[in-house]
Amino acid sequence: MKPTHRDLLVLFALAGWAAALPHYASEFVVSMALTCLMYATLSSSWGLFCGSTRYLSLATSAFFGIGAYTSALALEQMPWLAAIGLGAAIAAAVAVVMGAAVLHLRGTYFAVLTFGMTELIRHAITYWEKQVTGTVGRVLMVVPERDTIYLTLLGLAVLAVLTSIAVRRSRFGLAMAGIGADEQRAQTLGVNTRLVKIAGFALIAAFAGAVGAAMSVRWTYIDPHTVFNPFIGFQTVLIALIGGAATLWGPLIAAVVFSVLAETLRLQAPQIYMMSLGLLLILCVLYLPGGLASLRAQTLRQWGDDIRGGWRNLFSRKAKEAL
Amino acid sequence: MNGHPLLEARDVTVRFGGLTAVDGVSAAFAPGELAGIIGPNGAGKTTFFNALSGVVMPTSGELFAQGQRLTGAAPHRFAQQGVARTFQTPRVFAELSVSANINFGLQFAGRHRAASWLLKDETSILNLIGLVDQAALPAAAITPSQQRLLEIGMALATRPKLLLLDEVAAGLTESEVEAMAQLIRRLRDELDLTVIWIEHAVTTLLKHVERVIVLHQGKKIADGTPAEVVRNAEVIEAYLGDEMAEAA
């Protein structure tokens, strides 16, 4: 079986199981699954662009917030899916402008500027709300059923993974990988890097915008502080890095681990939750640079040997000192 | 041919802050030429190459490929116009296999270009550069001299008209240098490529090229056949020394 066929099979099996979930699971589990789907979509798509090109974007919350506001404003005038599509389109349009302005910068400069622009957008919308509508925050009147939201998010997650599979096999994916490996070399071999970067950035912004548009109705009340929360962007990056940003399944696996941790620990022990997230990141960066997805039986055996070897050395040294 | 040179630099100057790396250099290259560029360290050879391939934008001056103005264009536009290059330190995609490295150029600049049968696909290019046996290895795993060959293969995969070679013979053994020179000559003869070749080892270069440009402190001080250049008083004073002139 070809790897792509295997990936597709796994994806559809998972999606089928996830689609049946709301029919038998408790409200708590469904809410956990929603968080999981949200971050699976955000970090899979983030990894598709940022993992391959190594441009670390912290702007996810900007696109998420833009999507959320779009659907909050548009849902009274248009059907559900149209509002989601509009959220994605506006987020992508903003990404094109933002990308054109900052995508020639690399590394820390790019990361910091995307974060700065996110804050700029958040404050601009807060200001606009105060000046024009006289209130910060909106109550959403028209809200679809829970199952509709759930299926929409599931659809977005499946679409994100499908896009990831397709792009990895395409020239577009090859160009992004070339940019990540050596951008200038890729240019001299004929890649229009500027165009590829802006297109990739807009693509992942569209996903973040769509997720934001679908999630806003879950909260029934939104304000800039919640939907442009930089924490959404940080968590997306953390999950993708912990899972393995350049891999297909890594971000998805990490999103599941993360949402289970989040929902079970956040209420009872918020500090432990944040600490375990931090610890997981440190361990991954130190010992699993390829992320959770690169974990194999081989790796575990290697670690076992290292630890045993370490103990043995320690004991033999102690024994020598004792003599 | 439309009568235009394949690549033309008109009065190209590149400045980095207060330093003038390339100072008003003009040169035109005709189809099928095999030219060398020599000069002492810091003479501006690589910077001139960077300007010719769009990697560095000239501070002033103009660049044309077959009469089309390319000044200020991004490197991929140069590649699309048939200008390919290698880098002094091989910049292969270390994690990709040798054949995937070749495939990269075929997928982008080389995609819609007419190609000789020697550049038909990955296998034919691997044959040409002699890396068939290494095709499946990751590029990081082959020897430095094989990486130099791979660099040339990657450039050839863009199916160029003009090839800029930056010190491809550096660090090679004598027999490897000879093989490299044979390969370069073959590229020119069989693919009708224009080749511009920078080399620090002057003797090697003078033996194989038909035209030499000498750069000194960013300026072009000579341009002619190897025999003319080694007799040029300015070149001898600046660079070659008397013994070279006698040897030639």
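## Helix and Sheet in Chain B

In chain B, helix α6 (residues 174-191) lies across β3, β7 (162-166) and β8 (194-198), at about 155° to β8(B). Contact here requires that the C-beta atoms of two residues, placed from the backbone, lie within 7 Å. Axes are lines fitted to C-alpha atoms, for helices over the stretch in contact, and angles run from 0 to 180 degrees between N-to-C directions. Helices (H or I, at least four residues) and strands (E, at least two) are DSSP runs numbered from the N terminus.

The model is predicted: local features need pLDDT of at least 70 and side-chain atom pairs pLDDT 80 or more, whereas totals for chains, interfaces and linings use all residues. Residues are numbered from 1 along each chain as its sequence is written, while chains are lettered from A and ligands numbered from 1 in the order in which they are written.

## Strand Order and Pairing

Strands β3, β7 and β8 belong to an open sheet of six strands in chain B, with the order β6-β7-β8-β3-β9-β10 and mixed pairing. Its edge strands, β6 (83-85) and β10 (219-224) of chain B, each pair on one side only. On average, neighbouring strands of this sheet are turned by 20° against each other, direction ignored. Two strands count as paired if DSSP finds at least two bridges between them.

Within the sheet, strand β3 (residues 34-38) of chain B runs parallel to strand β9 (residues 211-216) of chain B, and four bridges join them. G36(B) stands opposite V212(B) in β9(B).

## Overall Form of Chain B

Chain B contains 10 helices and 10 strands. Its radius of gyration of 18 Å agrees with a compact globule, because 248 residues would give a value near 18 Å; the radius is taken over C-alpha atoms, and the rule is 2.2 Å times the number of residues to the power 0.38. Along the principal axes, the C-alpha atoms of chain B fill a box of roughly 50 × 40 × 35 Å.

Of the 248 residues of chain B, 48% count as buried (20 or more other C-beta atoms within 10 Å of the residue's own, with C-beta atoms placed from the backbone). Among contacts in chain B between residues at least 6 apart in sequence, 64% join residues at least 24 apart.

## Domains of Chain A

The domain assignment of chain A gives domain 1 (3-289) and domain 2 (291-323), with bounds from an automatic or database assignment. The C-alpha centres of these two domains of chain A lie 38 Å apart.

Technical notes:
A residue is buried if 20 or more other C-beta atoms lie within 10 Å of its own, exposed if 12 or fewer, and partly exposed in between; C-beta atoms are placed from the backbone.
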